Amino acid sequence: MEYVRLGTTGLKVSRICLGMMSYGDPTRWGEWVLDEAAAEPIVRRAVEAGVTFFDTADVYSRGASEEVTGRLLARLFPRRDDYVLATKVFFPMGEGANDRGLSRKHLHAAVDDSLRRLGTDHVDLYQIHRWDDETPIEETMHALHEIVQAGKARYLGASSMAAWQFAKAQHVAETNGWTKFASMQNHYNLLYREEEREMLPLCADQGVGVIPWSPLARGLIARAGSGGNTARTGSDPRIAALYADEENNRLVLDRVAQVAREREVPAAQVGLAWLLRQPGVTAPIVGATKDRHVDDAVAAVELALTDKELAFLAEPYRPRPVSL
């Protein structure tokens, strides 16, 4: 495993981040979610392979993912400081008018709830899950700074939003002497590359770490050349919305399959290896519900694709509608 700094911070993270959305309570989230007992051997495999970076969110399994994450990491690591723990806030966690969003009221309540579920006194990376049109960004950035000052979060991160919104948030924080975002968790993979237009250059210029979600396009890249569906693809309506251009999907996935055959490795390794070699990418957030998912992610760190292969994989892509 390789370890790199998150952006220009001093925080070191593994080049693979294990996404914990896959663990929690299947009755609250989806039939593909694993409960704690089923998740433990997979998370243990990742830990033994050197993964030290873990990402969840309060909304995943309506809090159960944080509970499972906290218990598993406490069992698998000798010390709290041995791993980097990230969670997110924004989506509704109750029926109340203030049980969502990025207001000062909700942020302070939400971080305390997350820490209780995670069983820790701080998270290493506290991220806003989306942009809140109903809350002034000044209120949000000040409240997040208060959370850092209180010792409840070490660093701040953001997730999918327009580049102008991210730039505005960073400007507000810098102007007021508040804590700026250290990372951007955005949607980026071989089938969705719209982030290359503005967000990735902005992050590179500002020294912000990039930790892409859905690096294998919800499993489509991992199944390149094999077809078939999984429990998730059969019940995930966002797949069709995010990757609607089936013709272009096929062109890209055919190339993934070809490189995988030539390299004699699984397609998932090829897709992740391509992403890991893109400028500014710190650590893809990989979901794993089987041992081989972890094995492929770890192996991808060492899979050195040639410049010719990288260009071959990227060449057929054509622009898509922006999805946040």
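This is a predicted model: local features need pLDDT of at least 70, side-chain atom pairs count only at pLDDT 80 or more; totals for chains, interfaces and linings use all residues.
Is Cys-17 buried or exposed? At 0% relative accessibility, Cys-17 counts as buried.

Start with the sulfur atoms. The structure holds zero disulfides. Cys-17 takes part in none, and the nearest cysteine sulfur, that of Cys-203, is 16 Å away. Seen from the other end, the sulfur of Cys-203 has its closest cysteine sulfur in Cys-17, and 16 Å is too far for a bond. A disulfide would need the two sulfur atoms within 2.5 Å. Cys-203 has a relative accessibility of 1%, so Cys-203 counts as buried too.

Now turn to the helices. Two packed helices are described by the angle between their axes and the distance between the axes. Take H1 and H2. Helix H1 covers residues 36-48, and helix H2 covers residues 64-76. Their axes come within 10 Å and cross at roughly 50 degrees. H1 and H2 are therefore oblique to each other. The crossing of H1 past H2 is right-handed.

Which residues of H1 and H2 meet? From H1 come Glu-36, Ala-39, Glu-40, Val-43, Arg-44 and Val-47. From H2 come Val-68, Arg-71, Leu-72, Leu-73, Arg-75 and Leu-76. By class, this contact of H1 with H2 has seven nonpolar residues, no polar ones and five charged ones.

H2 also packs against H3. Helix H3 spans residues 104-118. The axes of H2 and H3 come within 7 Å and cross at roughly 45 degrees. That makes H2 oblique to H3. On the H2 side, the contact uses Glu-66, Glu-67, Thr-69 and Gly-70. On the H3 side, Ser-114, Arg-117 and Leu-118 meet them. The contact of H2 with H3 divides into one nonpolar, three polar and three charged residues.

Ser-61 is found in the loop between strand S4 (53-55) and H2. Most residues other than glycine have a negative phi. Ser-61 is also buried, with a relative accessible area of 0%.

Ala-217 makes a second case. Its phi is near 50 degrees, a positive value in a residue other than glycine. Ala-217 sits in the loop between strand S9 (209-210) and helix H7 (238-242). With a relative accessible area of 0%, Ala-217 is buried.

Next, a strand. Asp-124 lies in strand S6, which runs over residues 123-128. Is Asp-124 buried or exposed? Its relative accessible area is 9%, so Asp-124 is buried; the cut-off for buried is under 20%. Which residues does Asp-124 touch, not counting those up to four places away in sequence? They are Arg-80, Tyr-83, Val-84, Leu-85, Arg-154 and Tyr-155. Asp-124 and Phe-53 are 71 residues apart along the chain, and their C-alpha atoms are separated by 9.7 Å.

Helix H9 holds residues 267-276, and helix H10 holds residues 291-302. Their axes come within 8 Å and cross at roughly 45 degrees. That makes H9 oblique to H10. The crossing of H9 and H10 is right-handed. H9 brings Ala-268, Gln-269, Leu-272, Ala-273 and Leu-276 to the contact. H10 brings Asp-296, Ala-297, Ala-299, Ala-300 and Val-301. The contact of H9 with H10 has eight nonpolar, one polar and one charged residues.

At 1% relative accessibility, Leu-272 counts as buried. What is Leu-272 in contact with, leaving aside its neighbours within four places in sequence? Its contacts include Asp-296, Ala-297 and Ala-300. Pro-215, Leu-216, Pro-284 and Val-286 are also among them. The C-alpha atoms of Leu-272 and Ile-128, 144 residues apart along the chain, are separated by 25 Å.

Conventions: Residues are numbered from 1 along each chain as its sequence is written. Side-chain values use heavy atoms; hydrogens and water are left out. Axes are lines fitted to C-alpha atoms, for helices over the stretch in contact, and angles run from 0 to 180 degrees between N-to-C directions. Helices (H or I, at least four residues) and strands (E, at least two) are DSSP runs, numbered from the N terminus. Angles under 35 degrees count as roughly parallel, over 145 as roughly antiparallel, 65 to 115 as roughly perpendicular and the rest as oblique. A crossing is left-handed if the near helix is turned anticlockwise from the far one by less than a right angle, and right-handed if clockwise. Contact means heavy atoms within 4.5 Å. Ala, Val, Leu, Ile, Met, Phe, Trp, Tyr, Cys and Pro count as nonpolar, Asp, Glu, Lys and Arg as charged, and the others, Gly among them, as polar. Buried means under 20% relative accessible area, exposed over 50%, partly exposed in between (1.4 Å probe, protein chains only).
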